[in-house]
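Hi everyone, thanks for coming.

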Amino acid sequence: MLRTWIALACLALGGISCSDTGASCTEVGCSNEAVVTYPGGLVSGPYNLTLQNSGQSETYACNDPQTAAELPPEVDCNAGGFELTDSDFGARSTVTVTITDTDDNLIAGPAEVVLGAVETLQPNGPDCEPTCVVRHGRLLEN
């Protein structure tokens with residue numbers, strides 16, 4: 001009875017880790033996130049964003065209302081930068097960024113952007129998985 005009460009109390013406290021009480025972990029999920037900002041005025045219209053890391057490369061059409069529906073759900077990009085949610089690129093500490101206009105003229109990059117961890121998320125407590133990281137970076141002007 002006491003273990004059941006402790007387990008319920010732990011769940012009620014928002015998923016605080018209760019592994020030392022013998023209670024099992026909850027199964028609340030989380031996602032790695034990365035937010036990269038651009039220098040002001042770097043892009044003003046539609047552009048192509050290419051991300052590279054560890055042999056992987058993806059290109060996304062950004063800041064264009066006509067192609068916005070084609071972006072995968074883990075990518076959100078606009079004139080101010082981009083945000084990655086639950087993306088392999090966002091889970092790493094660096095990403096190489098190249099920005100071109102729609103005619104493939106180089107605007108910026110390729111440039112390595114350091115994605116510094118600003119927050120660690122452990123929704124089920126420190127002794128339970130998953131652990132996710134929120135990272136921020138800034139594309140510097142060439």
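Predicted model: local features only at pLDDT ≥ 70, side-chain atom pairs only at ≥ 80, totals over all residues.

Residues are numbered from 1 along each chain as its sequence is written, and side-chain values use heavy atoms, with hydrogens and water left out.

Okay, the layout. The chain has one helix and nine strands. Helices here are DSSP runs of H or I with at least four residues, strands are runs of E with at least two, and both are numbered from the N terminus. Going along the sequence, the pattern reads α-β-β-β-β-β-β-β-β-β. Of the 142 residues, 35% are buried. By buried I mean under 20% relative accessible area; exposed is over 50%, and partly exposed is in between, using a 1.4 Å probe and protein chains only.

Now the sheets. I'll call two strands paired if DSSP finds at least two bridges between them.

Six of its seven residues are buried, so strand 2 is largely enclosed by the rest of the structure. On one side, strand 2 pairs with strand 3 in the antiparallel sense, over seven bridges. If you want to find that pairing on the slide, Gln52 has Ser57 as its bridge partner, and Asn48 has Ala61. These two strands make a hairpin with two residues between them, and Ser54 there takes a positive phi near 50°. Strand 2 is also joined to strand 6 (residues 94-101), by six bridges, again antiparallel. In that pairing, Tyr47 stands opposite Asp101. Keep Tyr47 in mind, please.

Five strands form an open sheet in the order 4-5-1-9-8, and here the pairing is mixed. The edges are strand 4 and strand 8 (116-121), each with a single partner strand, so one side of each is left without a neighbour in the sheet. On average, neighbouring strands of this sheet are turned by 10° against each other, direction ignored.

For a parallel example, look at strand 1 and strand 9, joined by five bridges. Glu33 has Val134 in strand 9 as its bridge partner. Asn78 stands opposite Gly81 in strand 5. Strand 4 (residues 75-78) also has two faces: Val75 and Cys77 are on the covered one, Asp76 and Asn78 on the uncovered one.

Next, the rings. Rings of Phe, Tyr and Trp (its six-membered ring) pair if their centres lie within 6.5 Å; planes under 30 degrees apart count as stacked, over 60 as edge-to-face and the rest as tilted. How many aromatic pairs does that rule give? It gives two. Tyr38 and Tyr47 have ring centres 5.9 Å apart and planes at 70°, so that pair is edge-to-face. Tyr38 has a relative accessible area of 5%, so it's buried, and Tyr47 is buried too, at 1%. Then there's Tyr38 with Phe82: centres 6.2 Å apart and planes at 55°, so that pair is tilted. This one links distant parts of the chain, 44 residues apart, with Tyr38 in the loop between strand 1 (33-37) and strand 2 (47-53), and Phe82 in strand 5 (residues 81-85). Together, the ring pairs link Tyr38, Tyr47 and Phe82 into a cluster.

Last stop: Arg135, in strand 9 (residues 132-138). Arg135 is buried yet has no salt bridge, and the nearest side chain of opposite charge, Glu33, is 11 Å away. A salt bridge here needs a side-chain nitrogen of Lys or Arg within 4 Å of a carboxyl oxygen of Asp or Glu. On charges, Lys and Arg count as positive, Asp and Glu as negative, and His and the chain ends aren't counted. What Arg135 does have is a polar atom of its side chain 3.5 Å from the backbone oxygen of Arg92.

Definitions and conventions
Polar contact = N/O pair within 3.5 Å; in protein donor to acceptor, adjacent residues only side chain to side chain. Axes fitted to C-alpha atoms, helices over the stretch in contact; angles between N-to-C directions.
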